[in-house]
Amino acid sequence: MAASFDLKNDGVVVIIGSGAGGGTLGNELAQKGIDVVILEAGARHEYEDFVNDEWDSFTQLAWKDKRTTSGDWRVAKDFPNLPAWIVKSVGGSTTHWAGASLRFQEHEFKTLSTYGKLKGANLLDWPITLAEMEPYYAKAEAKMGVTGTNDWPRLPGNNNFKVLKAGADKLGYKECHTGNMAINSVQRDDRNSCQQTGFCFQGCKWGAKWSTLYTEIPKGEATGHLEVRPNAMVIKINHDASGKVTGVVYADKDGKLQEQKARIVAVAGNSIESPRLLLNSESAKFPHGLANSSGQVGKNYMRHTTGSVYAIFEKPVHMYRGTTMAGIIRDEARHDPSRGFVGGYEFETLSLGLPFMAAFLDPGGWGRSFTTALDHYDHMAGLWIVGEDMPRAENRITLHADMKDEHGMPIADVHFDDHPNDTAMRNHAYKQASALYAAVGATRTFPTPPYPSTHNLGTNRMSEKAADGVVNKHGQAHDIKNLFVSDGSQFTTGAAENPTLTIVSLAIRQADYIAAQMSAKTI
Amino acid sequence: MVTIYDGKPGLSRRELLKRGGIGALLVISGSAVISPEHAWGLETSALKPETMATLIQMARDIYPHDQVPDKYYAIAVKGHDEQAGKDAAHKAMIEDGIADLDKKSGEGGYRALGWEDQRVAVLKQIETTPFFQAIRGGLVVGLYNQKEVWPIFGYEGESYSKGGYIARGFNDIEWL
C-alpha cells in the first residue's frame with residue numbers, strides 16, 4: 001500500500017525525480033524501512049497507456065518545457081528549444097531509454113590520470129574506482145535483468161543487428177553481440193519477455209524493458225514507506241540558518257505552491273533540471289546557489305559524443321522491427337590515442353520510425369538528396385555512436401536572465417561546444433561505420449548529426465576535494481550534508497557507455513550510505 | 001473550414017479542363033483546388049485557392065516523393081489555411097510569400113515553371129525566409145506523420161496490437 005505523508009512531516013527523505021536515480025533510490029530506501037516522498041514533475045502513465053506512435057508518444061512523455069541553447073553544437077541551430085530528448089513522467093527517462101546496460105571500464109574512472117591534461121578539457125578522476133563499483137554493478141544487473149549477466153540469455157538479433165554483425169565481421173571487429181540489455185529475454189520479475197515490437201523509445205507496452213515506473217516504484221510503494229507524488233514541479237530547496245536543507249517548495253497539479261518538509265533531500269531531475277534547481281535555490285547564505293561553493297554547479301555538461309550512420313542497401317532490411325538498440329560493437333570503446341583522440345566509443349544499432357527519421361536524418365534538409373534517402377526507408381540499416389566526450393567548464397547549464405516558466409522559475413539555458421577530441425572521435429566513428437556498411441554492400445550512407453541529448457551528464461560532478469566538484473563519492477553535497485545528488489549529473493566524466501546502469505548502481509550504493517548515516521544520526 | 005473530399009469534384013472533366021487549362025495538375029474552381037485525375041478536392045476558406053495550389057506544388061518540390069500522390073501534400077499544407085483563418089499575420093505571411101514566389105518565377109508564376117529544377121532554383125532564393133521555413137517545418141510532421149503515407153515508404157507503424165514482430169519477421173533478412 002502506497003504511503004501518504006503530511007507536508008509537515010520533517011522525517012521523510014524527499015527525492016526529486018522518479019527516473020533511474022530517483023526511482024531506484026526511493027525503492028532502496030523504502031525497502032530499508034525509510035519513509036520517502038518522491039516528487040515527480042510529470043504525470044503518471046502506466047505502461048498500458050504508452051503509444052506505438054512517435055509523435056503521439058513524444059507528446060505524452062517528453063520534457064517539452066521551454067529551454068534555450070547556445071554554443072556551436074548543431075542542436076542549438078536545429079532544435080533551439082529542445083536541447084534534450086528526455087522524459088517528464090513517472091519513471092523519468094527509464095520509460096524512454098533503449099535499455100543498454102554496460103559497466104564502465106576501469107580507466108574511465110581515472111581519466112585525468114589516464115589521458116593526462118588536455119587543453120580545454122576539465123578532466124578529473126572519479127573519487128571511486130571500478131573495484132568499488134563492481135558489487136553495485138552486480139546488484140543493479142540482477143535488479144534490472146540485464147541480458148548476458150546472471151545466466152540470462154542475450155536477446156535474439158533482429159535484421160538491423162544482422163547487418164551490423166555482418167559488417168563487423170567483414171571489418172574484423174571481435175566484440176559484437178546483441179548487448180547487455182535491461183530487457184527481459186525470458187519472463188522474470190513478473191514481467192513479460194521482449195516481443196520485438198520496435199517501440200522501445202516510446203515506452204515498452206509489454207513492460208519487458210526495465211523502467212522504475214513498473215519495477216522500483218510499485219515495489220517501494222508496496223512497503224508502505226514510499227509515496228510518489230506526480231505533477232509536482234520542485235522550484236526551490238529551503239534551508240535553515242545552519243545551512244541544512246529543511247524542505248522543498250513545489251508547484252502542485254493545480255499550480256499551487258506547497259512546501260514538503262524533509263530530513264534529507266536528494267536531487268534526481270536529470271542533468272539540466274538538477275543544477276537548475278540548485279542554482280534557483282540561491283539565498284543570502286548561498287548566493288551562488290546550493291552546494292555551489294566550488295562554482296561547479298551547472299558546469300561540465302556532457303552529452304556523449306554521438307551521431308548516427310544510416311545506410312541504404314539494394315534489398316530490404318526493415319530495421320524498425322524488433323528492439324531499437326539490438327546490438328553493439330565494443331572494439332572501439334578502448335582508450336587508444338593512436339586513433340587521434342582519447343577515450344573510446346561504442347557502436348549500437350538504432351532505428352527511428354519514418355516520422356522521426358524525417359525529423360532527425362538531416363534537420364532542415366530538403367530536396368531530392370534528402371527525400372531519396374527516405375524513399376528507401378525500408379532498405380535502411382542504422383547505428384548510433386556513443387562515445388566519451390570531454391567535460392568543459394564552459395559547457396554548462398545556467399539560469400536564463402529573462403525568461404521564466406509558468407511558475408516564475410528561470411528557464412535553463414544549455415550551452416555546448418564540441419571539444420576537438422569530440423569532433424575527432426565522431427569523425428573516426430563516421431568513417432568506421434561507413435566502411436562497415438560499405439563492406440555489406442551499402443549503396444549510400446548518411447553521417448547523421450547528433451539528436452537532442454538523451455545522455456545528459458556531469459553538471460553536479462563528484463570529486464574527492466570540495467574545491468573541484470559539487471558532491472563526494474556518495475553523491476552527498478560537499479557543502480550540505482543532508483543534500484544529495486542521485487542522477488547522472490554527479491558523473492565526474494562520462495565514459496563511453498550508456499549511463500543508466502551506473503546511475504542505478506550509484507543509487508543503490510547511495511541508499512546504503514544514507515541508511516547508515518541516518519542510523520548513526522549524522523544526518 | 002477546410003475539407004478534403006474524395007469522389008467526384010462536382011464538375012465535369014470537360015468543364016475542368018476548360019477552366020484549368022490542359023496539362024495543369026491542379027485546377028482552381030471557385031474556392032477549391034481540384035485534382036481532376038485523382039478525384040479529390042480541397043476547399044479553402046482563408047487563403048486564395050490559387051495560393052493553396054501553389055503551396056501544394058511547393059510542398060512537393062521541398063519534399064519530392066514521386067510515388068506519393070498530391071493528395072497527401074494537400075493534407076500536409078491545409079493547416080496553413082486553418083491558421084490563416086485565425087491569424088491575420090499568418091495569412092499575410094503565406095499570401096505574401098506565395099506572391100513573392102510567383103514574382104521571382106517570372107511570367108505565369110511558380111506553377112508555370114515546367115521543371116522541378118527551375119522551381120527549386122526559386123525556392124533556393126527564399127529558403128532562409130520565415131515563410132519558407134514555416135512551410136518546410138510544417139511539412140516534416142504534416143507530410144511524414146500521415147499514417148496513410150507510411151506504407152508507401154514500407155514503414156509498418158504500430159505493432160503492439162499485432163504482437164510485435166517476434167513472429168512477424170524481426171529477423172527475416174535473407175540476403176546477407
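## A chat about chains A and B

Visitor: Hi! What are the helix and strand percentages over residues 88-305 of chain A, and how far apart are the end C-alpha atoms?
Guide: Over that stretch chain A is 23% helix and 14% strand, and its end C-alpha atoms are 24 Å apart. Keep in mind that this is a predicted model.

Visitor: Which UniProt annotation covers residues 88-305 of chain A?
Guide: An unreviewed UniProt entry annotates residues 88-305 of chain A as "domain: Glucose-methanol-choline oxidoreductase N-terminal".

Visitor: And what does UniProt have for residues 391-507 of chain A?
Guide: There the annotation, again from an unreviewed entry, reads "domain: Glucose-methanol-choline oxidoreductase C-terminal". Residues 391-507 of chain A are 24% helix and 20% strand, with the end C-alpha atoms 22 Å apart.

Visitor: Let's zoom out. How many helices and strands does chain A have?
Guide: Chain A has twelve helices and 17 strands. Its radius of gyration is 22 Å, close to the 24 Å that the globule rule gives for 523 residues, so chain A is as compact as a globular protein of that length.

Visitor: What does the C-alpha trace of chain A span along its principal axes?
Guide: About 70 × 50 × 45 Å. Of the 523 residues in chain A, 60% count as buried. Among contacts in chain A with a separation of 6 or more, 75% are between residues 24 or more positions apart.

Visitor: Okay, sheets. What is the strand order in the open sheet with antiparallel pairing?
Guide: That sheet has three strands of chain A in the order 6-7-8. Strand 6 (233-239) and strand 8 (257-261) are the edges, each pairing on one side only. Ignoring direction, neighbouring strands in this sheet are turned by 25° against each other on average.

Visitor: How many bridges join strand 7 to strand 8 of chain A?
Guide: Five bridges join strand 7 (residues 245-251) to strand 8 of chain A, and the two run antiparallel. If you want a spot to look at, A:Val249 stands opposite A:Glu259 in strand 8.

Visitor: Which strands of chain A form the open sheet with mixed pairing?
Guide: Three strands of chain A do, in the order 3-15-14. The edge strands are strand 3 (68-70) and strand 14 (396-404). From one strand to the next, the twist averages 35°.

Visitor: In which sense do strand 3 and strand 15 of chain A pair, parallel or antiparallel?
Guide: Parallel: strand 3 and strand 15 (residues 410-415) of chain A pair over three bridges. A:Ser70 has A:His415, in strand 15, as its bridge partner.

Visitor: Which helix lies across strand 14 and strand 15 of chain A?
Guide: That's helix 8 (residues 270-280) of chain A, which runs at about 65° to strand 14.

Visitor: Switching to the inside: how many residues are in the largest nonpolar core?
Guide: The count is 194 residues. Those with the most contacts inside the core include A:Val13 and A:Val14 from chain A, and B:Val33 and B:Ile56 from chain B. In soluble globular proteins, nonpolar side chains tend to be buried together.

Visitor: What is A:Val13 in contact with, leaving aside its neighbours within four places in sequence?
Guide: The contacts of A:Val13 include A:Leu29, A:Ile34, A:Asp35 and A:Val36, as well as A:Ala262, A:Arg263 and A:Ile264.

Visitor: Last one: how many residues of chain B are in contact with chain A?
Guide: 28 residues of chain B are in contact with 35 residues of chain A. On the chain B side, helix 7 (130-142) and helix 8 (150-153) are the elements giving two or more residues. Helix 7 of chain B gives the most, with three residues.

Technical notes. Residues are numbered from 1 along each chain as its sequence is written. Chains are lettered from A and ligands numbered from 1 in the order in which they are written. This is a predicted model: local features need pLDDT of at least 70, side-chain atom pairs count only at pLDDT 80 or more; totals for chains, interfaces and linings use all residues. A nonpolar core is a set of buried Ala, Val, Leu, Ile, Met, Phe, Trp, Tyr and Cys residues joined through C-beta atoms within 7 Å. A residue is buried if 20 or more other C-beta atoms lie within 10 Å of its own, exposed if 12 or fewer, and partly exposed in between; C-beta atoms are placed from the backbone. Two residues are in contact if their C-beta atoms, placed from the backbone, lie within 7 Å. UniProt positions are given in the numbering used here, feature names are shortened, and annotations may be inferred rather than shown by experiment. Helices (H or I, at least four residues) and strands (E, at least two) are DSSP runs, numbered from the N terminus. Two strands pair if DSSP finds at least two bridges between them. Axes are lines fitted to C-alpha atoms, for helices over the stretch in contact, and angles run from 0 to 180 degrees between N-to-C directions. The radius of gyration is taken over C-alpha atoms; the globule rule is 2.2 Å times the number of residues to the power 0.38.
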